[in-house]
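Please keep the sequence and the coordinates in view while reading.

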Amino acid sequence: MTAVPPPATHPIDTSKPHPARVYDWFLGGKDNYPVDEELGRQIESLEPRTKYCAQHNRWFMQRATRRLAGEAGIRQFLDVGTGIPTEPNLHRIAQSAAPDARVVYVDNDPIVLAHAEALLRGTPEGATEFLQVDARTPDRILEQAEGVLDFSRPIALSLIALMHFISDEDGAYDVVERLVAALAPGSYLVLSQMAGDFDPERTRQAVEMYKAGGVTLAPRSRAEVERFFTGLELTAPGIAWLPDWHPELGVDEVRNGTPVPLYAGVARKA
Ligand SMILES: C[S@@+](CC[C@H](N)C(=O)[O-])C[C@H]1O[C@@H](n2cnc3c(N)ncnc32)[C@H](O)[C@@H]1O
């Protein structure tokens, strides 16, 4: 893995766009700055479906969490790359199915920390915690999460719309491997990721736009996404286009059939 910045204690930098804030703009949130909106508008002019895709990504998080806290019986969640709180947040979904669910959120962006209070209002029976840690330092995540989660029992690790901000050169596959290695049998990996093979030319332009804003974007092909699940048992329907991952679990989703160029998958550790 390459050099990683020290633990982020730096103040919010409004001079350049940040993925969490650009995503917040796509979702219609208020926790973004003109630089974030500017990049968001550029991306939207390139790909008019972007806001719809961002909303679909949230719905995938909700469906996957509902299924894992429900029929899969998972009671512990480690959500890395959480984003600025957007209702309903993951702990709300998990704790409505299982009030005793314990949730650890992780993000490296100081703006997420600034809003973390909303992530910490959980049930009295359960637990919620926020860690400001860079995903490229998985050992640091594991050390800090240990205070809340019991790694001898199953955990759902969610890396939702995170890995396309971590390049191969920055150790994307090592990060996932390290985190998954720490999980007990019966745990799950939930992952969504921007596709690189849906519309390669437009994707290339999006990568350039993010790069001009100082943000690394690493879209991946289906095979490259599948590689994140190496050694795990993919649950049906395997790696799917995000809206096609168990649409029957959706609640209040407003779909219009527009393609969403993100892959999604959920796999179990045997
Ligand atoms: C597109 S948002 C996804 C938020 C949420 N997971 C969801 O799907 O709705 C990506 C999040 O990943 C975070 N992120 C990007 N790179 C990261 C890194 N190296 N370490 C931790 N978080 C990171 C960003 O700050 C942002 O909040």
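Which residues does R153 touch, not counting residues up to four places away in sequence? In this predicted model, the residues that R153 touches under that condition are Q76, A184 and S187. R153 itself sits in the loop that runs between α6 (138-145) and β4 (156-160). Its relative accessibility is 51%, and because exposed means over 50%, R153 counts as exposed. A further reference point is L234: the C-alpha atoms of R153 and L234 are 20 Å apart in space, while the two residues are 81 apart in sequence.

The view may now widen to the whole chain. The protein chain contains 9 helices and 8 strands. Its radius of gyration is 17 Å, close to the 18 Å given by the globule rule for 270 residues, so the chain is as compact as a globular protein of that length. The C-alpha trace spans about 45 × 40 × 35 Å along its principal axes. Of the 270 residues, 55% count as buried. The accessible surface of the protein chain comes to about 11,600 Å², and carbon and sulfur atoms hold 52% of that surface. Contacts across the sequence complete this description: among those with a separation of 6 or more, 75% are between residues 24 or more positions apart.

How do two of the helices meet, and at what angle do α1 and α2 pack? Helix α1 covers residues 19-26 and helix α2 covers residues 34-46; they pack at an angle of about 60°, and their axes are 9 Å apart. The crossing in which α1 passes α2 is right-handed. On the side of α1, the contact is made by R21, V22, W25 and F26. On the side of α2, these residues meet V35, D36, E37, L39, G40, R41, I43 and E44. By class, the residues of this contact divide into 6 nonpolar, 1 polar and 5 charged.

Most residues other than glycine have a negative phi, and most peptide bonds are trans. Against that background, several places in the model may be inspected.

Two cis peptide bonds can be located in loops. One joins E87 and P88, with omega at about -10°; P88 is found between β1 (76-80) and α4 (90-97), in the loop that separates them. Another cis bond leads from A236 to P237, with omega near 5°. The loop holding P237 lies between β6 (233-234) and β7 (240-241).

Phi of A161, a residue other than glycine, is near 55°, and A161 belongs to the loop between β4 and α7 (172-181). Is A161 buried or exposed? The relative accessible area of A161 is 14%, and since buried means under 20%, A161 is buried. D252 likewise is a residue other than glycine with a positive phi, near 55°. D252 lies in the loop between β7 and β8 (262-268).

Technical notes. Residues numbered from 1 in each chain as written. Predicted model: local features only at pLDDT ≥ 70, side-chain atom pairs only at ≥ 80, totals over all residues. Heavy atoms only, no water. Axes fitted to C-alpha atoms, helices over the stretch in contact; angles between N-to-C directions. Helix = DSSP H or I, 4+ residues; strand = E, 2+ residues; numbered from the N terminus. Left-handed = near helix turned anticlockwise from the far one by under 90°. Contact = heavy atoms within 4.5 Å. Nonpolar A, V, L, I, M, F, W, Y, C, P; charged D, E, K, R; others polar. Rg over C-alpha atoms; globule rule 2.2 N^0.38 Å. Buried < 20%, exposed > 50% of the residue type's maximum accessible area, 1.4 Å probe, protein only. Areas by Shrake-Rupley, 256 points an atom, 1.4 Å probe, with all protein chains shown as cover.
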